[in-house]
Amino acid sequence: MDNDDCVVLDVRPILASGRDPFTDIMAAVGGLPAGKRLKILNSFEPVPLYHVLGGKGFDHETTLVGETYEIVFFRKAGGETVPDPSAPSAPHGGAGGVVEIDVRGLEPPEPMVKILETLNTLPPGARLVVHHHRDPALLYDKLDARGYRAKTEKIDEGHYLVTIVPK
């Protein structure tokens, strides 16, 4: 495969620093120019990422070169993504308002991905209400770094209500 049509992201240094490269990967996918592919270099095969990016209209080819996985993501034929049933509902109440999503039943890391993506499109002053199947403990630091705080309530077994608001 010709590297001229690839944007290359080596996530090994990110992992070595102790950071999760997921946000970097999603930023690279979001900024991927038309006609380009994304090549990720990793020390392991990121199987959950295949499903996440597959839902965004991407397919992949994976090659093991020595001890490095080279995963090339490319847009599926037609380039259209499948509508996402967990997409946020429209905000209510004009400016600000509430955006509500349900991430129950999604496989990790999809709930976190959906939450962070929705925050990127949240109208100013709006709050995000998330129906989750568990307490999303790994999410809180990411929210804090983005200027949000969260309150989580256990509704019943397998149903948590997470309300996310700007600080």
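This is a predicted model: local features need pLDDT of at least 70, side-chain atom pairs count only at pLDDT 80 or more; totals for chains, interfaces and linings use all residues.
User: Which residues touch the most other members in the largest nonpolar core?
Analyst: Ile25, Leu38, Ile40, Leu49, Leu53 and Phe73 do, out of the 18 residues in that core. A nonpolar core here is a set of buried Ala, Val, Leu, Ile, Met, Phe, Trp, Tyr and Cys residues joined through side-chain atoms within 4.5 Å. Buried means under 20% relative accessible area, exposed means over 50%, and partly exposed is in between (1.4 Å probe, protein chains only).

User: Which elements supply at least two residues of this core each?
Analyst: Helix 2, strand 2, helix 3 and strand 4 do. Helix 2 gives the most, with five residues. Helices (H or I, at least four residues) and strands (E, at least two) are DSSP runs, numbered from the N terminus.

User: At what angle do helix 2 and helix 3 pack?
Analyst: About 35°, with their axes 12 Å apart. Axes are lines fitted to C-alpha atoms, for helices over the stretch in contact, and angles run from 0 to 180 degrees between N-to-C directions.

User: Which residues make that contact?
Analyst: Phe22, Ile25, Met26 and Val29 come from helix 2, and Leu49, Val52 and Leu53 from helix 3. They divide into seven nonpolar, no polar and no charged. For that count, Ala, Val, Leu, Ile, Met, Phe, Trp, Tyr, Cys and Pro are nonpolar, Asp, Glu, Lys and Arg are charged, and the others, Gly among them, are polar.

User: New topic: what order do the strands of the open sheet come in?
Analyst: Four strands form the sheet in the order 1-2-4-3, and the pairing is mixed. Two strands pair if DSSP finds at least two bridges between them. Strand 1 (6–10) and strand 3 are the edge strands, each pairing on one side only. From one strand to the next, the twist averages 20°.

User: How many bridges join strand 3 and strand 4?
Analyst: Eight, in the antiparallel sense. Phenylalanine 58 has arginine 75 in strand 4 as its bridge partner, and threonine 63 stands opposite glutamate 70 in strand 4.

User: What's in the turn of their hairpin?
Analyst: Two residues lie between strand 3 and strand 4, and glycine 66 in the turn has a positive phi of about 65°.

User: How many bridges for strand 2 and strand 4?
Analyst: Five, again antiparallel. Leucine 38 has phenylalanine 73 in strand 4 as its bridge partner.

User: Last one: is threonine 163 buried or exposed?
Analyst: Threonine 163 is buried, because its relative accessible area is 18%. Threonine 163 is in strand 8 (residues 159–166). Leaving aside neighbours within four places in sequence, threonine 163 is in contact with Arg127, Leu128, Val129, Arg149, Ala150 and Lys151.

Notes. Residues are numbered from 1 along each chain as its sequence is written. Side-chain values use heavy atoms; hydrogens and water are left out. Contact means heavy atoms within 4.5 Å.
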